[in-house]
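Please load the model in your viewer and keep the sequence panel open beside it.

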Amino acid sequence: MRFSQVDVFTDTPTRGNALAVVHDADDLNEAAMQAFARWTNLSETTFLLRPTDPAADYRVRIFTTGGELPFAGHPTLGSAHAWLAAGGTPHTPGVVIQECGAGLVTVGSRGGQRLAFAAPPLRRSGPVEPELATRIVAAVGLDPGAVRGLAWCDNGPGWVGVDVESAEAVLAADPDPVAMTDLKVGLIGPYAAADVPRVGAAYEVRAFYAQGRDFAEDPVTGSLNAALAQWLIPLGRLPRSYVASQGTKLHRTGRIHVEATENAIWIGGDTVTVITGDVDLD
């Protein structure tokens with residue numbers, strides 16, 4: 001089968017979030033997909049299949065090293081990029097319709113050649129229970145005085161969002177892997193206006209998650225950025241268009257382009273192909 005490894009939310013290889021993509025994977029069973037995802041040891045590995053919905057251009061299954069996700073952001077952009085690069089032709093020129101566990105996701109070109117996906121609806125929103133909120137703030141190592149709000153903003157992976165007073169406070173967070181247990185938490189905080197030109201972004205984002213005994217910080221996270229935008233833009237705490245930085249603490253320079261239109265919130269980013277070849281999983 002054709003294989004691609006792409007870097008998402010960057011125009012420079014090795015500075016974004018890597019994604020492994022297996023093309024024409026219809027003959028693989030779920031166990032083989034999960035085994036390969038564990039072997040790649042990347043945050044996500046995707047498998048492209050024939051769609052079951054006639055409106056879709058392709059179907060994708062998204063696996064972490066520990067299980068399958070109904071939706072994830074950087075795998076959506078990376079899979080669309082890989083599918084197009086392999087010669088995929090969408091039903092509607094300029095618009096790719098991806099079928100995944102969360103349903104149909106629209107991927108389009110915005111800002112020139114940059115791909116963006118329309119954020120899927122939140123599965124869970126609203127306030128976080130007080131005891132859980134206290135536990136989250138302690139687990140991610142934040143000063144409670146730096147927290148402006150917490151909310152469920154789950155679009156599939158299970159995110160809780162934390163609105164932080166500054167990018168500096170986001171970067172200073174020091175999570176405790178033991179305390180994180182099964183939490184999936186995203187932080188966002190603004191840069192001072194004077195720092196925005198230097199950084200090339202108005203906000204800093206970090207994503208922490210645990211699965212079983214494994215704890216990780218994700219380099220760049222499309223689903224989280226979508227969820228944070230869906231939570232905070234309607235409240236007026238984020239503007240309708242901005243660029244976020246993610247991955248700074250991991251020596252990455254991810255850039256997420258967020259734009260709210262009348263009908264959707266678009267999450268965009270550059271994607272580059274790093275590896276192409278074939279994979280034998282027989």
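Begin with everything selected: of the contacts in the protein with a separation of 6 or more, 62% are accounted for by residues 24 or more positions apart, where contact means heavy atoms within 4.5 Å. This is a predicted model, in which local features need pLDDT of at least 70 and side-chain atom pairs count only at pLDDT 80 or more, while totals for chains, interfaces and linings use all residues. Residues are numbered from 1 along each chain as its sequence is written, and side-chain values use heavy atoms, with hydrogens and water left out.

**The whole chain**

Switch to a cartoon view, in which the protein has seven helices and 18 strands; helices (H or I, at least four residues) and strands (E, at least two) are DSSP runs, numbered from the N terminus. The radius of gyration is 18 Å, close to the 19 Å that the globule rule gives for 282 residues, so the protein is as compact as a globular protein of that length; the radius is taken over C-alpha atoms, and the rule is 2.2 Å times the number of residues to the power 0.38. Along its principal axes, the C-alpha trace spans about 55 × 40 × 30 Å.

With a surface displayed, the accessible area of the protein comes to about 12,200 Å², of which 50% belongs to carbon and sulfur atoms; such areas come from the Shrake-Rupley method with a 1.4 Å probe, and for residues only the protein chains shown count as cover. Buried residues make up 56% of the 282 residues, where buried means under 20% relative accessible area, exposed over 50%, and partly exposed in between (1.4 Å probe, protein chains only).

**Two domains**

Next, colour residues 2-118 and 268-278 as domain 1 and residues 124-266 as domain 2, bearing in mind that the domain bounds come from an automatic or database domain assignment. The centres of the two domains, taken over C-alpha atoms, are separated by 23 Å, and 23 residues of domain 1 are in contact with 25 residues of domain 2.

Select Glu44, where UniProt places the feature "active site" in an unreviewed entry; UniProt positions are given in the numbering used here, feature names are shortened, and annotations may be inferred rather than shown by experiment. Glutamate 44 is found in the loop between helix 1 (30-40) and strand 3 (45-49) and, at 9% relative accessibility, counts as buried. Leaving aside neighbours within four places in sequence, glutamate 44 is in contact with residues including Ala18, Phe63, Thr64, His74 and Pro75.

Asparagine 41 is found in the loop between helix 1 and strand 3, but this residue counts as exposed, at 60% relative accessibility. Its phi is near 60°, a positive value in a residue other than glycine.

Move to valine 160 in strand 11 (residues 160-164), a buried residue with a relative accessible area of 3%. Leaving aside neighbours within four places in sequence, valine 160 is in contact with Val128, Ile136, Ala151, Trp152, Cys153, Lys184, Val185 and Gly186.

Now select alanine 173 in the loop between helix 4 (167-172) and helix 5 (177-180), where it is buried with a relative accessible area of 6%. Alanine 173 and aspartate 154 are 19 residues apart in sequence and 21 Å apart in space, C-alpha to C-alpha.

How many of the eleven residues of helix 7 (residues 222-232) are buried? Eleven of the eleven are, so the helix is largely enclosed by the rest of the structure; among them are Leu224, Asn225, Gln230 and Trp231.

Finish at serine 245 in strand 15 (residues 241-246), which counts as buried at 1% relative accessibility. Show its side chain together with that of arginine 255, since a polar contact of 3.0 Å joins the two; a polar contact is a pair of N or O atoms within 3.5 Å, and within protein one must be able to donate a hydrogen and the other to accept it, with residues adjacent in sequence counting only if both atoms are side-chain atoms. Not counting residues up to four places away in sequence, serine 245 also touches others, including Val199, Tyr203, Glu204 and Ile256.
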